[in-house]
Amino acid sequence: MTEPEPLVIVIDDDAPTRETLSSLIRSVGLRVELFGSAQEFLKSEQLDAPGCLVLDIRLHGIGGLDLQGRLAAANIRIPIIFITGHGDIQMSVRAMKAGAIEFLTKPFRDQDLLDAIYVGLEKDRERRQREAEVAI
Amino acid sequence: MIPAGMPLAGSYDPLVVALSVVIAVAASYAALDLAGRVAAGKGWSFATWLTCGSLGMGVGIWSMHFTGMLAFSLPVPVSYYWPTVVLSYAVAVVAAALALYVASRKQMSSARAVGSGVVMGCGIAALHYLCMMAMQMAADFRFDFLLVALSVVLAIAFSYSALRLAFHFRDAKEEVAWRKLGSACVMATAICAMHYTGMAAATFTSSGTEPDLSHSVTVSSLGTTGIITVTLLVLGFAILSSIVDRRFHAQALELALTQTKVELARVGRATSLGELAASIAHEINQPIGAVANSASACLRWLATQPPNLEEARIAAARTVREATRAGEVITRIRALLKNEPPTKERVDLNEVIREVLTLAGNEIEKGRIAVTTALAADAPAVLGDRVQLQQVILNLITNAIAAMISVEDHPRELRIETVADSGTVQVSVQDSGVGLGHEDVEQLFRPFFTTKRGGMGMGLSISRSIIEAHGGRLWAAPRSGHGAVFQFNLPRADGAA
């Protein structure tokens with residue numbers, strides 16, 4: 001069975017930021033899918049796709065931290081990288097405690113984001129492998 | 001000696017009767033006034049006002065009746081059995097205490113008003129007849145029970161209305177003093193009606209025997225004058241202290257209110273400044289982040305083998321677009337700050353400085369900072385938004401305080417001056433703090449520049465925007481010796497050139 005190619009999901013309500021991140025992530029050869037809100041993402045078919053999530057903290061409607069909680073409650077353990085316009089310490093602590101890979105404050109260096117994405121993808125791959133082995 | 005059984009005709013001294021009416025009015029007015037004080041008091045203050053109020057009012061009620069009795073003279077000498085007189089005073093105090101207590105409660109139900117009115121009325125009637133019983137003379141008296149009953153009914157009616165009126169007036173301001181006085185007159189009329197009905201209920205006949213005069217006192221006209229004088233003094237004192245206490249109370253309340261308002265304004269301003277800074281940060285970080293990342297993406301597309309020129313072009317175009325967007329955000333914020341002051345009122349900068357110093361009083365005290373001011377007495381008003389100018393001065397003062405916190409080797413001095421010249425009013429805020437160092441003074445005014453731990457770096461840049469929007473200038477300079485001087489000027493409101 002061939003592993004499906006991992007997917008980086010970007011959720012940010014600012015369209016230019018979304019496109020920028022898409023371009024950046026694709027430039028290193030990764031697949032990317034964009035969502036403007038958490039609701040859109042929750043309705044999509046991508047919930048359990050292998051990969052990782054790049055998530056804006058401040059979103060209209062369901063916020064980033066909210067979405068993190070909902071995914072955890074639904075036992076969807078996709079690694080999450082948070083990005084934010086202005087992060088406060090409390091938020092970042094909360095996000096990291098809930099298992100986030102990284103908490104980046106805009107403007108961040110492109111390499112920092114890509115490094116975090118690589119870490120996230122690797123973690124996701126390992127987890128899936130472990131689960132597959134257990135299943136066998 | 002007048003033979004036994006002879007009816008004795010009494011006569012009234014009109015002057016003393018008139019004085020008893022005056023006492024009744026004063027006592028009623030005091031009662032209306034005191035009820036408010038008792039109601040406003042809590043804990044000790046409540047207990048003190050209730051006790052002193054009851055004793056004072058007791059004097060008033062008792063004295064009115066006793067004076068009324070003294071106004072009445074019989075053809076036989078009359079002396080008074082003093083234990084009964086003392087008892088009658090005690091009854092008066094209890095009735096007064098009941099009245100003040102009931103009238104000072106949060107609510108007065110009809111049942112409570114009627115019940116208390118009956119008890120109080122009976123108390124006053126008891127007081128009246130006790131006073132009569134205290135009379136020791138060579139005469140007997142009989143009562144016309146119809147008139148006695150009428151006097152009791154009048155006493156109850158008076159008590160009920162007094163309670164109602166006291167309850168009504170207790171929270172009233174001083175402006176209604178004349179209405180209170182009117183009510184006091186009505187109450188006094190009721191008291192007098194009750195008293196003189198009670199007196200009329202008795203008919204005196206000579207007993208033909210010498211009265212037992214042990215424990216009795218006669219009251220000379222001098223004594224009558226004394227009682228009246230003391231009573232009026234007591235009531236006057238009660239009313240006066242009540243007025244003083246009310247003023248004091250009102251002032252304390254107003255002070256507390258002002259402080260709350262000032263505090264609220266300060267919090268509001270701090271919050272709005274913080275929120276403004278946060279939203280500016282968010283608005284600007286969004287496009288700036290996109291600029292940096294798009295440019296990086298562009299480089300990465302160019303570095304791929306082979307270079308993906310189409311993606312690189314798109315990324316470069318987005319870089320330009322986002323940089324323009326960042327610029328627009330800044331323009332919008334500047335416009336927002338510049339166009340803000342639609343409210344142009346005459347503002348006395350000296351007054352604003354004093355207000356702000358009060359505001360910052362806590363921090364000044366905590367920082368053990370010596371404040372001196374040299375505010376030009378003739379400084380003319382400027383035109384502007386009071387709150388914004390307050391914000392600027394508060395910002396300069398809090399900056400000055402922050403700059404001095406770490407200073408240990410010389411005094412911490414904050415000096416504020418205003419100077420007026422022909423066209424402008426200039427304010428300078430000097431501190432003996434760490435000074436400006438060698439850095440470019442102008443960078444202090446750039447957004448997000450801060451030397452404070454946890455500072456937003458928005459204070460001075462916003463302050464400058466505000467001052468410039470008011471047609472003035474804000475600048476900084478090192479101070480000779482230690483510290484820094486921040487100065488701004490604003491055009492005078494009268495526009496003198």
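I started with the handedness: helix 2 of chain B passes helix 3 of chain B in a right-handed crossing. For the record, a crossing is right-handed if the near helix is turned clockwise from the far one by less than a right angle, and left-handed if anticlockwise. Helices here are DSSP runs of H or I with at least four residues, strands are E runs of at least two, and both are numbered from the N terminus.

This is a predicted model, where local features need pLDDT of at least 70, side-chain atom pairs count only at pLDDT 80 or more, and totals for chains, interfaces and linings use all residues. Residues are numbered from 1 along each chain as its sequence is written, chains are lettered from A and ligands numbered from 1 in the order written, and side-chain values use heavy atoms, without hydrogens and water.

Next I looked up the geometry of that pair. The axes of helix 2 (residues 44-70) and helix 3 (residues 82-104) of chain B come within 7 Å and cross at roughly 130°. Axes are lines fitted to C-alpha atoms, for helices over the stretch in contact, with angles from 0 to 180 degrees between N-to-C directions. That makes helix 2 of chain B oblique to helix 3 of chain B; under 35 degrees would be roughly parallel, over 145 roughly antiparallel, 65 to 115 roughly perpendicular, and the rest is oblique.

Which residues meet there? On helix 2 of chain B I noted, among them, Phe46(B), Trp62(B) and Phe66(B), and on helix 3 of chain B, among them, Val85(B), Tyr89(B) and Tyr101(B). Contact means heavy atoms within 4.5 Å. The residues of this contact divide into 16 nonpolar, five polar and no charged. Nonpolar covers Ala, Val, Leu, Ile, Met, Phe, Trp, Tyr, Cys and Pro; charged covers Asp, Glu, Lys and Arg; the others, Gly among them, are polar.

Helix 9 of chain B brings residues including Glu351(B) and Glu355(B), and helix 11 of chain B brings residues including Arg386(B) and Gln390(B). I get nine nonpolar, one polar and three charged for this contact.

Whole chains last. Chain B has twelve helices and 15 strands, while chain A has five helices and five strands in the pattern β-α-β-α-β-α-β-α-β-α.
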